[in-house]
Amino acid sequence: MMWTTQRERSNRCSRRLWGWLPALVMVFATVLPVRAAMPAAPVAQGQPVQRIRFATGATGATVDGYVANGQAARYVLYALANQTMTVQAAYESAPVIATIFDRSGAVLGTASGRRRWSGVLPRSGDYYITVSTPYDATTYFSMRVEVVSQAPAPTPEPGPERIRFASGASSASVTGSLASGATKQYVLRALRGQVMSIQSWIGGGPYRFTVQGSNGVHLGSANGGETWTGTLPATQDYLIMLQSPAGAPPASYSLLVAVVYASPTPTPTPAPPLHEIRFPRGATSTTVWGYVDAGWPGRYFLRARRGQVMSVQLSTEHGYAARVSVVTEDGVFLGAAGQGESWSGVLPITGDYYLTVEAPAAGTGDSYSLWVGIR
């Protein structure tokens, strides 16, 4: 009887353990993918980010994609510190650039055509790759990514050359040469809202340069000998990529790269008001009063008919110099009168006439009275 009781107890315990097992599986299934759900480094809007996963036992994977004008293809993969990543990209109809950067947005290197990139990864975590074309073109591409725990036998290709400004400087120049079909990359860090300007000079064969963010966003391009200017959308590394067309003669280049803050928009100076002169009912003349100095003229207009005679007379309160000029609505100058003087003239058209009271640039401001008559 005692043996039967122990067995029943054992069976009950087993049933309880097996009953808990699905709950434990759900817990582990929830906890284990936390690493894959870690927040990624910020990327620009465009094609969705695709995660690269290696097959079981594999050390690499090949992805195929398509890039259009200004739209980068974006990928992310997880790797460990001290592993070596190698990236190589092939294209169908237009050259593509694969840019590799870490979670902070710092560019690690680029790969393009026959030029592959290899580098030892500094830390464990997600790494990002953007594939874009430096031309206003569309193309299919194929990219091979490998991650191994030991350095590959070939010597890795050098990454982009970093442009650094001297202390207190806002620009730097770089020079070099490009063989036929060759590329050259530069990288520099700049802040959101700054304005980058690239002035280029050419010697020998042609070349073209393209500017893009480390997140693959295309900002602009220009031919050698031209200047490009643009406002930067984010604080990050920016790539400047030069390429010589295949079959073209070797090219020598020189770039002057400047990064400055945009000048504030000047506050416009308000214009003096324009007053209409109206005669009292039945009157053929009237007087207006105002104040004039070198930076603030008095401006008036009135309507009159062709063949009428206009007369004006200007007087200042303290006798300081001033002048009233008369022009048509088309800007034709008819005449002028100074302080204490008068002017009369036959009007050439039916329309508006403009009278401006001005003081000399070095003169003293004064109150004035302006008499205007038309008969």
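View 1. The model is predicted: local features need pLDDT of at least 70 and side-chain atom pairs pLDDT 80 or more, while totals for chains, interfaces and linings use all residues. Residues are numbered from 1 along each chain, and side-chain values use heavy atoms, without hydrogens or water.

**View 2. Aromatic pairs.** Rings of Phe, Tyr and Trp (its six-membered ring) pair if their centres lie within 6.5 Å; planes under 30 degrees apart are stacked, over 60 edge-to-face, the rest tilted. Y66 lies in strand β2 and Y140 in strand β9, 74 residues apart (strands are DSSP runs of E, at least two residues, numbered from the N terminus).

**View 3. The cluster around Y186.** Y186, Y207 and Y253 form one aromatic cluster. The rings of Y186 and Y253 are edge-to-face, because their planes stand at 75°, with centres 6.4 Å apart. Both Y186 and Y253 are buried.

**View 4. V131 in the largest nonpolar core.** This core (buried Ala, Val, Leu, Ile, Met, Phe, Trp, Tyr and Cys joined through side-chain atoms within 4.5 Å) has 24 residues. V131 is among those with the most contacts inside it, along with M85, V87 and M143. Beyond neighbours within four places in sequence, the contacts of V131 (heavy atoms within 4.5 Å) include V67, Y75, I97 and F141.

How values were computed:
Buried means under 20% relative accessible area, exposed over 50%, partly exposed in between (1.4 Å probe, protein chains only). Helices (H or I, at least four residues) and strands (E, at least two) are DSSP runs, numbered from the N terminus.
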